[in-house]
Amino acid sequence: MAVTRSARTEWNGDLVSGSGQTTFETSKLGTFDVTWRARAEAAEGKTSPEELIAAAHATCYSMAFSNILKTAGHAPERIDTRAEVDFSTDGGAQIPEIRLIVRADVPGISEEDFAKAAQEAKEGCPVSKALAGVESITLDAQLGGSN
């Protein structure tokens, strides 16, 4: 059974001088301002698609890693994951690299087992898989109206 989560963005104006707001619809956690400048230059209190991807990736990875460690008999005390998502306009807009930086306290685990579990979490986390290529992205585009 699939669970669906949704977010919505309303954008006004052109890319460079326009702005928008992204709302977390499912959780109702809030609405966040987005601009091209926040994405390509300085955040200035606004977010970007890359920051949202980083949040999703860091969270998913931490959850996957925690489960893999627990299943292997090494319940973690703490996992601190930072995801850094690069955005570049060189050669067209793209995300050329994502770095996961992980620090964890896992009693009784060897360096080798830790490294193996960390890699398994990277490869198995659903967000990592989605970022490697999504099987299906559908589009329902209509002129005018609203969602």
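Reader: What should I know about the model before we start?
Author: This is a predicted model, in which local features need pLDDT of at least 70 and side-chain atom pairs count only at pLDDT 80 or more, while totals for chains, interfaces and linings use all residues. Residues are numbered from 1 along each chain as its sequence is written, and side-chain values use heavy atoms, with hydrogens and water left out.

Reader: How many helices and strands are in the chain?
Author: The chain has four helices and five strands; these are DSSP runs numbered from the N terminus, with helices being H or I of at least four residues and strands E of at least two. Along the sequence the pattern is β-β-β-α-α-β-β-α-α.

Reader: And what does the C-alpha trace span?
Author: Along its principal axes the trace spans about 55 × 35 × 30 Å. Of the 147 residues, 23% count as buried, where buried means under 20% relative accessible area, exposed over 50% and partly exposed in between, with a 1.4 Å probe and protein chains only.

Reader: Turning to α2, which of its residues are buried?
Author: They include Glu50, His57, Cys60, Tyr61, Phe65 and Leu69. The buried residues of α2 pack against α1 (36-40), β4, β5 (98-105), α3 and α4 (126-132); contact means heavy atoms within 4.5 Å.

Reader: How far apart are the end C-alpha atoms of α2?
Author: They are 33 Å apart, which agrees with the 33 Å that its 23 residues should span at 1.5 Å a residue. The expected span is 1.5 Å times one less than the number of residues.

Reader: What comes just after α2?
Author: Gly73 comes there, with a positive phi of about 90°. His74 lies in the loop between α2 and β4 (78-85).

Reader: Is His74 buried or exposed?
Author: His74 is buried, because its relative accessible area is 17%. Leaving aside residues up to four places away in sequence, His74 touches Leu69, Val106, Pro107, Gly108 and Ile109.

Reader: Now α3: which residues are buried there?
Author: Ala117, Ala118 and Ala121 are the buried residues of α3. They cover an arc of only 105° around the axis, so they sit on the same side of α3; the arc is that of the directions from the helix axis to the C-beta atoms.

Reader: What do they pack against, and which residues are exposed on the other side?
Author: The buried residues of α3 pack against α2 (49-71). On the other side of α3, Glu112, Lys116 and Glu123 are exposed.
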